[in-house]
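Subject: Structure handover

Hi,

Here is the structure I promised to pass on. Please open it alongside this note; what I found follows below.

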Amino acid sequence: MNFKYDVLVIGGGHAGCEAATAAANMGARTCLLTMDMNKIGQMSCNPAVGGIAKGQIVREIDALGGQMGLVTDAAAIQFRMLNRSKGPAVWSPRAQCDRKKFIGAWRKILDNTDNLDIFQDQAEEILSKDNKVLGIRTIWGIEIFSKAIIITAGTFLNGLMHIGQCQVEGGRCSEPAVHHLTDSISRLGIASARMKTGTPVRIDRRSVHFDEMEPQPGETDYHQFSFLDRHRELPQLPCWTCNTNEKVHEILRSKLSDSPLFNGQIQSIGPRYCPSIETKLVTFPGKESHPLFLEPEGIDTNEMYLNGFSSSMPWEIQLEALRQIPAFRDVKIYRPGYAIEYDYFDPTQLKPSLESKLAEGLFFAGQVNGTTGYEEAGGQGTMAGINAALFCTGSEPFIMHRDESYIGVLIDDLTTKGVDEPYRMFTSRAEYRILLRQDDADARLTERAYHLGIAKRDRYDWWLQKKEYVQRILRFCNETTIKPKEINGYLEALGTAPLRGSVKLAELIARPQVNFANLSEQLPALKNLLNTAPNRQQEISEAAEINIKYKGYIERERTFAEKMHRLEDIKIKGHFDYASLHDLSTECRQKLERIQPETLAQASRIPGVSPSDINVLLILMGR
């Protein structure tokens with residue numbers, strides 16, 4: 001076996017799998033190094049993909065030619081579109097997955113990807129010369145050489161798990177930690193720190209009283225994650241919900257001194273937005289109950305995931321507290337919840353391409369950058385894989401702006417602002433939410449991905465077909481005139497104002513009460529047009545309808561984004577010795593010196609850099 005590659009990916013999680021397939025699909029000879037080939041793409045916490053903003057990231061990965069959308073659709077056992085009450089422009093897909101089938105779907109893709117080898121071993125040392133990576137040495141003494149290396153080690157770097165006072169080394173339950181790789185990376189001058197996250201108890205469904213819970217059924221309409229014309233095939237299962245109560249809270253409060261989070265045993269930073277159950281009790285002391293969601297882990301297992309009950313309390317306390325809930329009065333558990341601490345690397349040490357500023361050819365993606373979530377990891381992995389492949393050919397990196405994708409927002413936030421807790425994507429982090437919808441990720445990204453070489457011809461042809469038909473529907477709506485006598489009876493039945501004169505169909509569609517589904521029953525020509533669309537007719541109709549309804553908002557956000565692009569075009573890296581610019585505030589000089597922003601727009605987003613500081617830089621640049 002020839003251990004010489006273009007790209008070497010260390011870690012077979014969500015970031016690593018996307019990075020490896022992206023690089024290989026772009027023609028780079030790639031090796032994916034993993035400690036366990038049977039746990040590739042393992043869902044360490046909840047076997048669910050998507051959610052608010054996260055679902056948009058997965059759609060973007062798919063539009064770029066990545067794999068997470070296809071894998072999720074193949075493994076989905078419950079699909080829901082979140083945020084429906086807020087209108088289709090901010091809908092977010094989410095799917096509960098079969099954990100084993102998710103791994104199987106990933107393994108099938110990896111095994112059938114050209115230019116990609118998989119090797120089972122553990123990286124121990126980065127090989128480098130003059131701060132340029134050359135390859136790695138494994139724990140078995142094997143040397144693997146490559147032009148670029150992508151670190152996607154997840155929670156395994158010096159991983160330490162906590163259940164009460166018990167501490168066990170490991171990257172996941174029953175899986176060993178990686179002990180020497182952090183030191184090897186640190187010798188390149190790259191700073192590391194510690195973070196923590198947690199996972200809840202796993203429950204045996206046979207011990208649950210489901211009659212004491214409320215079911216949460218999924219949806220069976222046309223929505224899915226991938227833009228390709230493939231469909232979910234697995235049986236759809238319900239999730240279930242109930243609440244904690246004061247008896248639960250009393251038991252947990254009485255044992256807070258046994259919690260590693262509150263007795264000083266855990267010192268690292270953790271997430272505010274996904275707190276443990278004991279943290280919720282301390283943060284919200286007056287709240288009488290907290291919601292819990294019991295979610296299946298697969299179609300052929302009794303194991304269920306209790307969302308909302310993340311904990312590192314002693315196992316017997318977790319069990320005693322759970323049994324105070326009527327649905328869990330006889331509960332049996334497969335394993336208790338636990339917390340895990342691990343090493344990460346400050347992402348402000350990275351370029352926007354996710355390449356290290358300190359070590360040429362070394363890229364980082366996923367939880368090692370201080371993020372959390374499969375989706376955030378997959379998005380970073382996709383970009384790291386693309387840019388590592390481009391690095392190997394001496395090409396310019398592929399960078400997405402904040403108005404192009406949530407992935408662009410994610411990477412800009414990481415490399416510009418850094419992290420003070422595990423980073424999770426929210427819609428509130430994106431200033432161009434109307435432009436970054438789940439329905440139009442292919443419109444934003446597929447053409448660019450095709451020209452890069454990561455999106456294949458079948459995906460590109462499908463996008464061109466969809467694009468042409470959406471435009472045909474828009475032209476029809478903008479050119480077709482509707483007269484009052486044709487439609488007023490229908491409008492009055494809907495409770496919306498009748499027409500006083502003729503209007504274009506697009507103006508009518510813009511009304512909140514009106515949509516293609518009900519209007520097409522009144523207008524045979526529209527119904528015929530919609531029904532003659534190619535594959536994915538409903539998705540095509542939805543894309544056109546959203547475009548019409550949100551036209552004003554889209555145009556306004558696009559105008560604002562174009563103004564901000566003027567600052568993105570002003571390159572400043574290497575122009576200044578910031579320490580000598582005494583017209584800037586001290587904090588600004590320190591931040592600019594440390595982060596070395598590429599553009600003036602990136603500088604403006606660094607915490608501690610004020611508008612007046614930006615004005616000083618503009619003046620110094622003659623602007």
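Which helices each supply at least two residues of the lining of the second largest pocket? There are helix H1 (14-25), helix H3 (68-75), helix H4 (99-111) and helix H12 (457-479). Bear in mind that this is a predicted model.

The pocket first. The second largest pocket holds about 730 Å³ of space. Its lining is made up of 28 residues. Gln-67, Leu-70, Ile-109, Leu-228 and Arg-230 lie nearest the centre. By class, the lining has ten nonpolar residues, nine polar and nine charged.

Now the sheet. Three strands form an open sheet in the order S3-S5-S4, and the pairing is antiparallel. Strand S3 (48-50) and strand S4 (76-82) are at the edges with a single partner strand each, so one side of each has no neighbour in the sheet. Direction ignored, neighbouring strands are turned by 15° against each other on average.

The pairings are as follows. S4 and strand S5 (residues 92-97) are joined by six bridges. Here Met-81 has Pro-93 in S5 as its bridge partner, and Ala-76 stands opposite Cys-97. S3 and S5 are joined by three bridges. On that side, Ala-48 stands opposite Gln-96 in S5.

Last, S5 itself. Six of its six residues are buried, so S5 is largely enclosed by the rest of the structure. Ser-92, Arg-94 and Gln-96 point one way from the strand. Pro-93, Ala-95 and Cys-97 point the other way.

Over to you.

Technical notes: Residues are numbered from 1 along each chain as its sequence is written. This is a predicted model: local features need pLDDT of at least 70, side-chain atom pairs count only at pLDDT 80 or more; totals for chains, interfaces and linings use all residues. Side-chain values use heavy atoms; hydrogens and water are left out. On a 1 Å grid over the protein atoms alone, a cavity is a set of points where a 1.4 Å probe fits but cannot get out, and a pocket is an open set with protein on both sides within 12 Å along at least five of seven lines; lining residues have an atom within 4 Å of a point. Grid points are joined across faces, edges and corners, and a volume is the space filled by probe spheres set on the points. Helices (H or I, at least four residues) and strands (E, at least two) are DSSP runs, numbered from the N terminus. Ala, Val, Leu, Ile, Met, Phe, Trp, Tyr, Cys and Pro count as nonpolar, Asp, Glu, Lys and Arg as charged, and the others, Gly among them, as polar. Two strands pair if DSSP finds at least two bridges between them. Axes are lines fitted to C-alpha atoms, for helices over the stretch in contact, and angles run from 0 to 180 degrees between N-to-C directions. Buried means under 20% relative accessible area, exposed over 50%, partly exposed in between (1.4 Å probe, protein chains only).
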